[in-house]
Amino acid sequence: MHETARRLGLLDDDLAPYGRDVAKVELRALDRPRRSSEAGRLVLVSAITPTAAGEGKTTTSIGLADALSRLGHSACLALREPSLGPCLGMKGGATGGGAARLVPSERINLHFTGDFHAVTSAHNLLAALLDNHLHFGDPPHLDPRRISWRRVMDMNDRALRSVVIGLGGDGVPRETGFDITASSEVMAMLCLAEGEDDLRRRLERTLVGFDLDGKPVTAGQLRAAGAMLALLRDALRPNLVRTREGTPAFVHGGPFANIAHGCNSVLATRMALHHADWAITEAGFGFDLGAEKFFDIKCASAGLDTACVVLVATVRALKMHGGRARRDLELPDAQAALRGLANLEKHVESIRCFGESPVVALNRFGADTQDEIRVVERRCAELGVPFAVSDHFERGGEGAI
């Protein structure tokens, strides 16, 4: 881990080790001048509309960072932390694949440094304070029917989505439920925060419900922000790991894109930009959701700008968009891929609407044919978009790109 940190110019005192392969990085590392006089350049990796066949944003992000490192450039990743729900469900892990993956994969995909547990605890602390407030009838007098703050856990548990609490005389009976931790507003605030003071301000103005007069009630009015911040203090520091080939990677935060902005933390992105010439980050799901929120929320909030956008596509996904059933994706069908290109074209159009320059990266699978790949390459040439095939493979026991 110290070798990985030294590649970024980090000092031993900047690290709080979590074992041999993982470390938290102190925020003071952002206060020192950059080693290079030029600002780091940010590359966003996004994708076409996702399908069950998988597109490979993270795999492509890792492969791109490793490729830049092999070419002698200073590169660093800034990626999201996986959530246990998707990891243990259909989606699977989120540390890449093949030769292009993060290590230690199992730790990152499971409990990692406890950031998700901290967010869960802080969120549920506010929920507990809120129900305690109701039980004792303290001002502001909350309306039990207009409380919007639910509870969270980092697991898919259908039976807890809608519950009734406060039964048995231990509270005020009311309907509520559990969301997954990545859907917590606390997670979104943690990932947009610029530091402890900023995070506290965000926590204090969090809306939790309304009082009996219809006026909004915030976490600050319940005096919850200080205790929540105490639980989140370690979680605010970015996590440093590396790729299998040794490229440094900050893996920090993981708000879902359907309810928040779907990006890793601002602090991790700033760390990558501050300590490397190239910072590779991702936003999902497709560009029309996660990446648009990346620009409209994260970049607007933090003053970030990108050098280019890599749009990940696969022949498999294009064939699904072209009407092919998932069970038939291994069968050659260049016409289905051609029909599915309408989806890719729309994402290229969206990228250009933001004034960004797209690059299409085709994440190649073993069953892809040259005819199918040429269909995509020709259309990219017609659109005036640079095109590359991302082909990760093994050579002599060493990852190659």
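## Briefing: a hairpin, its neighbours and some charged pairs

Strands S14 and S15 form a hairpin with four residues between them, and Gly246 in the turn has a positive phi of about 100°. Strands (E, at least two residues) and helices (H or I, at least four) are DSSP runs, numbered from the N terminus. This is a predicted model, where local features need pLDDT of at least 70, side-chain atom pairs count only at pLDDT 80 or more, and totals for chains, interfaces and linings use all residues. Residues are numbered from 1 along each chain as its sequence is written, and side-chain values use heavy atoms, with hydrogens and water left out.

**Strand S15 and its partners**

- S14 (residues 239-243) and S15 run antiparallel, joined by three bridges. Two strands pair if DSSP finds at least two bridges between them.
- Val241 stands opposite Ala249 in S15.
- Strand S4 (residues 75-79) also pairs with S15, in the parallel sense, over three bridges.
- Leu79 has Val251 as its bridge partner in S15.
- S15 (residues 248-251) is covered on both faces. Pro248 and Phe250 are buried on one side, Ala249 and Val251 on the other.
- Buried means under 20% relative accessible area, exposed means over 50%, and partly exposed lies in between (1.4 Å probe, protein chains only).

**Salt bridges**

- The structure holds 23 salt bridges. Each is a side-chain nitrogen of Lys or Arg within 4 Å of a carboxyl oxygen of Asp or Glu.
- Side chains of opposite charge can pair when their charged atoms come close.
- Arg70 forms a salt bridge with Glu245, with the closest N and O atoms 3.0 Å apart. Arg70 lies in helix H2 (residues 57-70) and Glu245 in the loop between S14 and S15, so this pair ties together parts 175 residues apart in sequence.
- Arg70 is partly exposed at 44% relative accessibility, and Glu245 is partly exposed at 27%.
- Arg270 forms a salt bridge with Glu194, the closest N and O atoms being 2.9 Å apart.
- Glu345 forms a salt bridge with Arg379, and here the closest N and O atoms are 2.1 Å apart. Glu345 is in helix H12 and Arg379 in helix H13 (residues 370-383), 34 residues apart.
- Asp14, Arg28 and Arg32 are linked in a network of salt bridges.

**Thr269, a buried residue**

- Thr269 sits in helix H9 (residues 266-275). Thr269 counts as buried because its relative accessibility is 0%.
- Its side chain reaches the backbone oxygen of Ser265 at 3.1 Å.
- Beyond neighbours within four places in sequence, the contacts of Thr269 include Leu42, Ala78 and Lys298. Contact means heavy atoms within 4.5 Å.

**Glu330, a partly exposed residue**

- Glu330 lies in the loop between helix H11 (315-321) and helix H12 (334-353). Glu330 is partly exposed, with a relative accessible area of 47%.
- Glu330 and Arg316 are 14 residues apart in sequence, and their C-alpha atoms are 7.8 Å apart.
- The side chains of Glu330 and Arg316 make a polar contact (2.7 Å). A polar contact is a pair of N or O atoms within 3.5 Å; within protein, one must be able to donate a hydrogen and the other to accept it, and residues adjacent in sequence count only if both atoms are side-chain atoms.

**Leu88, an exposed residue**

- Leu88 lies in the loop between helix H3 (84-87) and strand S5 (96-97). Leu88 counts as exposed because its relative accessibility is 55%.
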